[in-house]
2 protein chains.
Amino acid sequence: MDDTALRSLFDFLRFPSVSTDPARRGSVADCAAWLAQQMREAGLSAEVYPTPGHPVVVGRNKPTPGLPTVLIYGHYDVQPEDPVSEWETPPFEPTVRNGVIFARGATDNKGQIFAHLQGVAATLREHGRLPVNLIMLVEGEEEIGSPNLQAFLQEHRESLGCDVIAVSDTGMVAPGVPTLTYGLRGIAAMELRVKGPSVDLHSGIYGGAVRNPATVVAQLVASLHDSEGRIAVPEFCDGVVPLEDWERQAWAKLPFGDAQLREVTGVPSLAGEPGFTALERIWARPTAEVNGLGGGFQGVGTKTVIPKEAFAKLTFRLVPGQDPERILDLAEAYLRKRCPEGVELELIRGHSGKPYVVDPHSACGKAAQDALRRAFRGRDLALIREGGSIPIINTFKEELGVDTLLLGLALPDCRAHAPNENFPVENFYAGMALNQALLEELARVRF
Amino acid sequence: MDDTALRSLFDFLRFPSVSTDPARRGSVADCAAWLAQQMREAGLSAEVYPTPGHPVVVGRNKPTPGLPTVLIYGHYDVQPEDPVSEWETPPFEPTVRNGVIFARGATDNKGQIFAHLQGVAATLREHGRLPVNLIMLVEGEEEIGSPNLQAFLQEHRESLGCDVIAVSDTGMVAPGVPTLTYGLRGIAAMELRVKGPSVDLHSGIYGGAVRNPATVVAQLVASLHDSEGRIAVPEFCDGVVPLEDWERQAWAKLPFGDAQLREVTGVPSLAGEPGFTALERIWARPTAEVNGLGGGFQGVGTKTVIPKEAFAKLTFRLVPGQDPERILDLAEAYLRKRCPEGVELELIRGHSGKPYVVDPHSACGKAAQDALRRAFRGRDLALIREGGSIPIINTFKEELGVDTLLLGLALPDCRAHAPNENFPVENFYAGMALNQALLEELARVRF
């Protein structure tokens, strides 16, 4: 097999394009320029657009009137390599062991976006043209929250006009199982601060006569769920779109379930809302989670204080039918009503993002399914949602007015964001095949 | 007025006898030797006993068979002076402003124990003898938890045999109001740790299918009280000795109540167990307080994790009728029963101390009351309990088999342990008079 594509991927992986590190600013820029050159060598036109942060690279084929336009989104920036001592081989020296590429960015997202580019290159080599009008938009700030992408989309809305977007930045449920992610949860963050006495008080001298802010935080957090694990905030789940029968049936058959979840999380046993399987709870039900809890003495042993304040950092994950602002309104009203006298309650709203769902049985969804089956040679397809949030997908919907197809190539043990990030060589080649099949299938869709 | 006693107190206050500071070890020893010499000048015999830590100073008069033996306990060590920049005058250069002595140790405890010694000196000057057999035991490790005192009491049990102990290391409810503290709360400490996943999990990718340890900590802490503020652990309050009618009536008339408590704590409003006043809640009712709460993300903003573990540091304050070990057994059983599946609960027991109460209307109690009235010239006497714990009082009871009278001279704003610690000159002279009256009154008691 010709391994030119693979060797080019290794060159891509050698750039330490860590977007959060000001000392790597030059490497990030070098990586963008290199990627644009790769696009050109593949047969696309390419441009590097500066932003107030790191540049955006956009490649295109020559548009043909009448063909649908597909935008493929990805990112060339990577997470920091810390803790570097835990890497078995250096993070920016790609190494193949047992058919798996180890390097920072191997899965997230260089391996996946570069597979698309190499698929495009292969199609152009074979056929001299693509079956669609293509825009490849590869940004350099995904790992720091895409702070400049929305403005970029607004500025270039016309030239970025398209019929559908495809992203390979999600997961496969198991090795070799083609996976279409058709839903993501939304998020709404709120920090809860309870303030009581003006200073930490001696809990012997004053305990019993003043409200303990840490106790109140505990009571408010505990009040978010009923005794069986359901969210207790009234109207919180009103309007939640119920799971469809086909979803329950399809998810029950996936080669990933309770046993795998227990193993990967290391919990003694799974738990959650009654009436739903673990995957249903993660993918299709809202949550109210405490991400951080604090107040009073944090050291070893005992210090007998009533803390002057305490906090809980909450995030709610949301599913279709829920609006982040309304959820925060409901939570705020509920918490304020339940906060007792003798303390002050401060509620600070954080970031939020809407849930996302696209019909996997729409024309586009079916095209994505067919492409995945072809790329993975007929293996049973997994139609899943994911529990996390990818806010940029909603930004695409708002700014460009189109849906996004999420065709994941990441494996459950890919260690994205962690030491020894990895990506199987076969997933890279499958990604190339997926790109070729996807563009062909999407060319048949009437938009 | 002859101010020799006051000038000697200033010499006492100039020793930086900070027991916790290894660099002050010499100053602590110098202070002990100086104090023993003061005892000798007052007319007592005195000895400095080395311990594995700081020395104990013991002074005595010549025993007379048939007289009761009174042990007066105090300490010559002091808290560190940090933060030194917040002192208006240097902590170890005693300064009088508006009739108040400012210095580290002025109230806690040099001013009070030295008033006793000067009272003894005055009596010996006037009468050539004391009306009782006296033992003055002044230790140098109270501020670090008296680690060597129990062994000292055991070793010297016979020569420290006595009929009653008197301590001036508690508070007065208001300036000029003679105060007898006849009860202290006990304490029992327990740390609660909840462990779930093997690492912090992404709360999007896994949220909903695993138990969140921070949520469980909140639920367990919240379960300690019912919705009205009563402790919800079954049998927790069984056997609690109810307040007597005279206590409720006496406390209601004290010149210290809700308004002063609100002011000194700075809370928006007081709160607590229904059916009791604020002072009753602090002095005569048990509590379950969270002294520290923690888990997950502690920084600014949001980090979407399900923490792998979370904790709460609890202390229970106990009142007569409650035993610390039994209370910890009850709390442990209750928490274990309520801990849901999917996490592991670890309960770590900390230090404990029994509650203490002495009958203020016993012969000794009445003698103390009479002495306080004489020293404070007939002002209405306050009979109070305190909410804190002084474990050494129980050690005295266990090792020497006698009760302790707590005759406090500290004012509410004395700033013990804080910058600008202070003690009114008049309280020093009142303390001398109190010592003289106390020994006279105790001489009349039949033990």
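The model is predicted: local features need pLDDT of at least 70, side-chain atom pairs count only at pLDDT 80 or more, and totals for chains, interfaces and linings use all residues. Residues are numbered from 1 along each chain as its sequence is written, while chains are lettered from A and ligands numbered from 1 in the order in which they are written.

α12(A) lies across β4, β5 and β18 of chain A, at about 65° to β18(A). Axes are lines fitted to C-alpha atoms, for helices over the stretch in contact, and angles run from 0 to 180 degrees between N-to-C directions. The three strands form an open, antiparallel sheet in the order β4-β5-β18. β4 (95-97) and β18 (422-424) of chain A stand at the edges with a single partner strand each, so one side of each has no neighbour in the sheet. Direction ignored, neighbouring strands of this sheet are turned by 30° against each other on average. Between β4(A) and β5(A) (residues 100-102) there are three bridges; in one of the positions, A:Thr95 stands opposite A:Phe102. Strands count as paired if DSSP finds at least two bridges between them.

Next, select A:Val70. Leaving aside neighbours within four places in sequence, A:Val70 is in contact with residues including A:Val132, A:Leu134, A:Cys162, A:Leu439 and A:Leu442. A:Val70 is among the residues that touch the most other members of the largest nonpolar core, which has 261 residues; A:Met136, A:Val217, B:Val70, B:Met136 and B:Val217 are the others. Such a core is a set of buried Ala, Val, Leu, Ile, Met, Phe, Trp, Tyr and Cys residues joined through C-beta atoms within 7 Å.

Move to where the chains meet. The contact takes 69 residues from chain A and 69 residues from chain B. On the side of chain A that touches chain B, the largest share, nine residues, comes from β11(A). That side divides into 28 nonpolar, 30 polar and 11 charged residues. Ala, Val, Leu, Ile, Met, Phe, Trp, Tyr, Cys and Pro count as nonpolar, Asp, Glu, Lys and Arg as charged, and the others, Gly among them, as polar.

Which strand of chain B pairs with β11(A)? Select β11(B), residues 287-296: the two strands run antiparallel over five bridges. A:Gly296 has B:Gly292 as its bridge partner.

Go on into chain B and select β8 (residues 179-184), where six of its six residues are buried.

- β17(B) (residues 404-408) is antiparallel to β8(B), with three bridges; B:Thr179 stands opposite B:Gly408.
- β16(B) (residues 382-386) is parallel to β8(B), with five bridges; B:Thr181 is partnered by B:Ile384.
- β15(B) (residues 356-357) is antiparallel to β8(B), with two bridges; B:Leu184 is partnered by B:Tyr356.

End at B:Val194, in strand β9 (residues 186-195) of chain B. Is B:Val194 buried or exposed? B:Val194 counts as buried because there are 28 C-beta neighbours inside 10 Å. Not counting residues up to four places away in sequence, B:Val194 touches B:Pro213, B:Val216, B:Val217, B:Glu309, B:Ala310, B:Val343 and B:Leu345.

Technical notes
Contact = placed C-beta atoms within 7 Å. Helix = DSSP H or I, 4+ residues; strand = E, 2+ residues; numbered from the N terminus. Buried ≥ 20, exposed ≤ 12 C-beta atoms within 10 Å, placed from the backbone.
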